[in-house]
Amino acid sequence: MSWPLVPVALLILTCTMPLFRGAWLRRPLCCDSLASTVQKNTHAWKLWEHTLGGGRYVLAPMVNGSELPYRLLLRRLSKGSLRLCYSPMLYASKVIQQAADGSLSQHFLASSQEDRPLVVQLASNDPHELAGAARLVAPFSDGVCLNLGCQQWFAERCKLGAFLLEDPELCARLVSALAETLRELETPKAVCCKIRLLAGPTTEARA
């Protein structure tokens with residue numbers, strides 16, 4: 001027998017609210033001092049303040065966690081304190097496939113005007129594929145994030161996430177393709193990367 005939805009939601013809230021008040025969703029303290037040194041007329045600062053809301057709290061991307069219902073739940077509970085949310089990591093190849101099937105919104109990017117600003121996180125090792133997926137998700141989001149941080153076994157097998165850092169030239173091409181694609185749009189979109197450094201620079205060094 002499956003649990004009723006409301007008790008499950010309450011259980012989730014009970015477990016996550018201490019984290020929500022704490023470090024997981026809190027912008028690092030160094031950002032406050034760093035922000036004071038940044039010229040407020042720079043492009044990056046304008047994107048952070050105006051496009052992404054400039055909030056103190058951010059909901060990080062969580063696979064099978066940070067879908068639309070969960071994002072809306074935390075936005076409402078935070079009473080405006082949570083200004084920016086990330087989608088779960090989406091495979092760029094699957095985004096393109098679902099767009100071709102006509103089910104992109106249904107399966108990946110169910111959206112709501114209440115759920116903005118929103119950054120969509122993509123995983124890919126192909127600049128052309130990443131650019132195509134970014135173009136598709138742009139109408140649903142205020143920015144696109146390239147995942148350079150996933151350290152799971154499937155990321156290593158497919159050369160995604162943190163394992164892309166073993167090829168800096170490929171990383172540069174991916175970021176360039178993403179930035180150039182979003183620059184063509186009328187509405188400004190942020191470009192960012194989630195980065196996690198592994199224990200060694202190569203698979204052999206980490207063995």
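Biologist: Two strands count as paired if DSSP finds at least two bridges between them, so which residue in S2 is the bridge partner of tyrosine 57?

Modeller: The bridge partner is leucine 82, and S1 pairs with strand S2 (residues 82-91) in the parallel sense over 3 bridges. Strands (E, at least two residues) and helices (H or I, at least four) are DSSP runs, numbered from the N terminus. This is a predicted model, in which local features need pLDDT of at least 70 and side-chain atom pairs count only at pLDDT 80 or more, while totals for chains, interfaces and linings use all residues. Residues are numbered from 1 along each chain as its sequence is written, and side-chain values use heavy atoms, with hydrogens and water left out.

Biologist: And what order do the strands of the open sheet have?

Modeller: The order is S1-S2-S3-S4-S5, with parallel pairing. Strand S1 (57-59) and strand S5 (190-195) are at the edges with a single partner strand each, so one side of each has no neighbour in the sheet.

Biologist: Switching topic, where is serine 141 found?

Modeller: Serine 141 is in the loop between helix H7 (127-137) and S4.

Biologist: Buried or exposed?

Modeller: Serine 141 is buried, at a relative accessible area of 0%, where buried means under 20%, exposed over 50% and partly exposed in between, with a 1.4 Å probe and protein chains only.

Biologist: Which residues is serine 141 in contact with, leaving aside neighbours within four places in sequence?

Modeller: With contact meaning heavy atoms within 4.5 Å, serine 141 touches Arg116, Leu118, Val120 and Lys189.

Note on methods:
Two strands pair if DSSP finds at least two bridges between them.
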